[in-house]
Amino acid sequence: MSGDAATTAATTAHRATKIDIRNVRKSFGSKASGSKLVLDDVSLRVGEHEVVCLIGASGSGKSTLLRCINLLEPIDDGAILLADANGLMVDISEPGLDPDPVRRRIGMVFQSYNLFPHMSVLHNITLGPTKVLRQPKAAASERARELLERFGLADKADAYPDQLSGGQQQRVAIVRALAMQPELMLLDEVTAALDPVLVGEVLNVIRDMRGQGMTMILATHEMGFAREISDLVCFLKDGVILEAAPPAKLFTAPDHPETAQFLQRAIASGRR
Ligand SMILES: Nc1ncnc2c1ncn2[C@@H]1O[C@H](COP(=O)(O)OP(=O)(O)OP(=O)(O)O)[C@@H](O)[C@H]1O
Ligand SMILES: [Mg+2]
């Protein structure tokens, strides 16, 4: 899709919708101090089990969009609808709505892992399930150990975050989000802080999640990975989804010259 992003949602279209972002606008600042439009009429529909990558230059609005979806930022206009257990689309962006039950259903992982340094890996992972989901401690620990095993971290359960590599910490952060059994995962440049050798192990975790059918929206500068993993890639520029297309199309024959320019620059800077 190119051009008319204002009226046509970027969409993966062929599955039941999990999240529907409709004409979202978001500004920062105030009229007095000068306000800046950071998301300008963004529409995006993501189907169940689908993976969407957001790409675009620094400052284009990728993190802001993810933060709006997770209700960390209120939107100024538009709506964000999330499918409930029966597939019914519920507006989660209504002002005054309690964000906590929604956030419980959406996992978010950031570039900086944000693990609690004074807690063991196992404790970091079981904290949410026991405190928020009120799972019994034994059941939460068992599930946490299963997840650690699945991601090659079984021997790290009792370690503290500062005893782990960056890649291991990021994998623990992803496991911590998964332990909450989210319906949707938002991943914001989860490999950006890592040495190239450690990037691969985190990308493997994301591949695995995809294989398990997790619905995901990722902001990434890893073009090769976006190409491999996405059902849909959205190119953002100045808060607008300038172009959204399956990777085979967007990376080989983009409609928009600015997409092509961005990709050329990304490749030139080694972000393939
Ligand atoms: N809390 C805030 N207050 C004011 N401006 C903000 C705030 N958060 C983001 N912005 C601005 O919004 C714009 C979009 O930022 P955002 O972090 O969403 O970009 P991004 O695409 O994630 O960039 P990057 O690739 O560097 O992570 C930028 O101009 C940024 O300065
Ligand atoms: Mg960002």
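The closest to the pocket's centre, of the 22 residues that line it, are Arg103, Ile106, Met108, Arg176 and Met180. The structure is a predicted model. A search of the whole structure also finds one cavity of 30 Å³ or more, and 13 residues surround ligand 1.

**The largest pocket**

- Four elements each supply at least two residues of the pocket's lining: helix 2 (99–105), strand 7 (106–109), helix 3 (121–131) and helix 5 (166–178).
- Strand 7 provides the largest share of this lining, with four residues.
- Sorted by class, the pocket's lining has 13 nonpolar residues, five polar ones and four charged ones.

**The cavity**

- Rolling a probe the size of a water molecule over the atoms shows where empty space is left.
- The largest cavity holds about 50 Å³ of space.
- Helix 6 (196–211) and strand 9 (215–219) are the elements that give two or more residues to the lining of this cavity.
- The residues that line the largest cavity are Leu187, Glu189, Val190, Thr191, Leu203, Ile206, Leu218, Ala219, Thr220 and Phe225.
- Seven residues of that lining are nonpolar, two are polar and one is charged.

**The shell around ligand 1**

- Among the 13 residues that surround ligand 1, the closest are Ser58, Gly59, Lys62, Ser63 and Thr64.
- Two elements, strand 3 (36–47) and helix 1 (62–69), each supply at least two residues of the shell.
- Helix 1 gives the most to the shell, with three residues.
- By class, seven residues of the shell are polar, three are nonpolar and three are charged.

**Polar contacts with ligand 1**

- In the side chain of Thr64, an N or O atom is 2.5 Å from an oxygen atom of ligand 1.
- Lys62 has a polar side-chain atom that lies 2.7 Å from an oxygen atom of ligand 1.
- Gly61 makes its contact through the backbone: one of its backbone N or O atoms lies 3.0 Å from an oxygen atom of ligand 1.
- On its own, ligand 1 has 640 Å² of accessible area, and the protein covers 61% of that area.

- Most residues other than glycine have a negative phi.
- His49 is not a glycine, yet its phi is positive, at about 65 degrees.
- His49 is found in the loop between strand 3 and strand 4 (51–55).
- The relative accessible area of His49 is 39%, so this residue counts as partly exposed.
- Arg134 is also a residue other than glycine with a positive phi, near 55 degrees.
- The loop between helix 3 and helix 4 (137–150) contains Arg134.
- Exposed means over 50% relative accessible area; Arg134 has 68%, so Arg134 is exposed.

Technical notes
Residues are numbered from 1 along each chain as its sequence is written. Chains are lettered from A and ligands numbered from 1 in the order in which they are written. This is a predicted model: local features need pLDDT of at least 70, side-chain atom pairs count only at pLDDT 80 or more; totals for chains, interfaces and linings use all residues. Side-chain values use heavy atoms; hydrogens and water are left out. On a 1 Å grid over the protein atoms alone, a cavity is a set of points where a 1.4 Å probe fits but cannot get out, and a pocket is an open set with protein on both sides within 12 Å along at least five of seven lines; lining residues have an atom within 4 Å of a point. Grid points are joined across faces, edges and corners, and a volume is the space filled by probe spheres set on the points. Ala, Val, Leu, Ile, Met, Phe, Trp, Tyr, Cys and Pro count as nonpolar, Asp, Glu, Lys and Arg as charged, and the others, Gly among them, as polar. A residue is near a molecule or strand if one of its heavy atoms lies within 4 Å of it. A polar contact is a pair of N or O atoms within 3.5 Å; within protein, one must be able to donate a hydrogen and the other to accept it, and residues adjacent in sequence count only if both atoms are side-chain atoms. Accessible areas come from the Shrake-Rupley method with a 1.4 Å probe; for residues, only the protein chains shown count as cover. Buried means under 20% relative accessible area, exposed over 50%, partly exposed in between (1.4 Å probe, protein chains only).
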